[in-house]
Amino acid sequence: MAGIYIHIPFCKKACTYCDFHFSTTFEKYRVALVKSLCVELVARKDTLANQSISTIYFGGGTPSLLTEEELTLILSTVRDNFAVQEEVEVTLEANPDDIDLSKVNVWVKAGVNRLSIGLQSFHSDSLIWMNRAHTVAQSVACIPIAQQAGIQDISIDLIYGLPNMSNEVWREEIRTALQLGVQHISAYCLTVEPNTVLSAWVKKEKIQPASNELQNEHFTILQEELLTAGFEHYEISNFALPNFISKHNSSYWKGAIYLGVGPSAHSYDGKYRSWNVANNQRYIQGIENKQPEFDFELLTKENQFNELLLTGLRAKWGVSLVQLGAILPLDKSFLQQLEHLEKKGWVVCKENTLYLTQEGKSWADKIAQDLFA
Ligand code: SF4
């Protein structure tokens, strides 16, 4: 089983916190870009020759900016060149301002059966501060529209840990989402990434990021509200109702192989990780000249160990010490560190599998770093 990721590098506006690869000026080359995506899919079909495709994921950028013809062309190229399972999960990332009934009907007709909506907030001041392209009214309206079109698997993204966001406002955001009947919530703590508007604001002391304490309080509220509502906390940033975990993202965290096409897209074949050039013009030229620009690395034992540790610890299924030990021996310093973390109450080991405790979930990345090879 394998997945296919398709990167659509267009956005209407640049969100203040975003460091993904995208461009807001795309009309002049969107035709060439979609064509290049299809050429790349065909050129790389042998990389998944013996695999059945269980998930297809349109990410970005903003894939909901694709026209009906573009989306249909890309999906039919996938179906014509790969062994796509009948029950395939097809996710499209969509922004609320692109969601109307006729558009969602088109997506459903093309084969999309899961939406991941970049909603982020139900508060006008937060949306403006983040420079999002949509309004609160669109945040609220988009979910019933998607449901009306027959999408039964809807995920939304929310952001917490904004400067000055009170606990009450954050709790209200979550409760509003729950009232709208979504099946999956990805909630991300605002982080200041280099080369973003947000990082420039922080440098100029225009804003003061939220304290770790406040961010942890928001994370606790998130867990309280969603666990009470019957959601499962299956990955640090991801919560789902039973049977609605993201198959595509879970396969990344379980180390499955995948093919990523489009500028900046990453691929993994079980040994090598590769990534396309994060530049739309160079990506198109490379494909047109049959000299695609990409880079790659062979995962060292240390890389494999650390990735398994980080992704497993963040997920509800934990990390198997047997699997870790098969990559690299669990040496004395690892075992001492593990004992220390257990004493602190941050990790627990059951049947040779390591899990984060409730308290440990607030420190997932730090714990993984302490245990890295
Ligand atoms: S819409 Fe998404 S990808 Fe585009 S700038 Fe905003 S956060 Fe980034």
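Is phenylalanine 296 buried, partly exposed or exposed? At 48% relative accessibility, phenylalanine 296 counts as partly exposed. The terms first: buried is under 20% relative accessible area, exposed is over 50%, and partly exposed lies in between, with a 1.4 Å probe and protein chains only.

A word on the model. It is predicted, so local features need pLDDT of at least 70 and side-chain atom pairs count only at pLDDT 80 or more, while totals for chains, interfaces and linings use all residues. Residues are numbered from 1 along each chain as its sequence is written, and side-chain values use heavy atoms, with hydrogens and water left out.

Now the surface. Tyr272, Phe294, Phe296 and Leu298 make a nonpolar patch of about 410 Å². Patch residues have over 30% relative accessible area and no salt bridge; like charges are joined within 9 Å, nonpolar side chains (Val, Leu, Ile, Met, Phe, Trp, Tyr) within 5 Å. Areas come from the Shrake-Rupley method with a 1.4 Å probe, and for residues only the protein chains shown count as cover. Strand β12 (residues 294-298) gives the largest share of the patch, three residues. Tyrosine 272 sits in strand β11 (residues 272-276). Its relative accessible area is 34%, so tyrosine 272 is partly exposed. Strands here are DSSP runs of E, at least two residues; helices are runs of H or I, at least four; both are numbered from the N terminus.

Next, the rings. The structure holds 12 aromatic pairs. Phenylalanine 294 and phenylalanine 296 form a tilted one, 6.5 Å centre to centre with 40° between the planes. The cut-offs: rings of Phe, Tyr and Trp (its six-membered ring) pair if their centres lie within 6.5 Å; under 30 degrees is stacked, over 60 is edge-to-face, the rest tilted. Phenylalanine 294 is partly exposed, at 46% relative accessibility.

Tryptophan 346 and tryptophan 363 are stacked: 5.7 Å between centres, 15° between planes. This pair links distant parts of the chain, 17 residues apart. Tryptophan 346 is in the loop between α13 (332-344) and β14 (347-350); tryptophan 363 is in the loop between β15 (353-356) and α14 (364-371). Tryptophan 346 is buried at 9%. Tryptophan 363 is partly exposed at 31%.

Lysine 344 lies over the face of tryptophan 346, 4.2 Å from the ring centre. That call needs NZ of Lys or CZ of Arg within 6 Å of the ring centre and within 35 degrees of the ring normal. Lysine 350 does likewise over tyrosine 355, at 5.6 Å. Elsewhere, ring pairs link Phe10, Phe26 and Tyr29 into a cluster.

Last, charges. The whole structure has 17 salt bridges, each a side-chain nitrogen of Lys or Arg within 4 Å of a carboxyl oxygen of Asp or Glu. Arginine 44 meets glutamate 40 at 2.7 Å, N to O. Both arginine 44 and glutamate 40 are buried.

Arginine 114 and aspartate 153 bridge at 3.6 Å. They are 39 residues apart: arginine 114 in strand β4 (residues 114-120), aspartate 153 in the loop between α5 (136-148) and β5 (154-160). Arginine 114 is buried at 2%, and aspartate 153 is buried at 13%.

Aspartate 370 and lysine 366 bridge at 3.1 Å. They are four residues apart in helix α14, so about one helical turn separates them. Aspartate 370 is partly exposed at 28%, as is lysine 366 at 38%. Finally, Arg171, Arg175, Glu224 and Glu225 are linked in a salt-bridge network.
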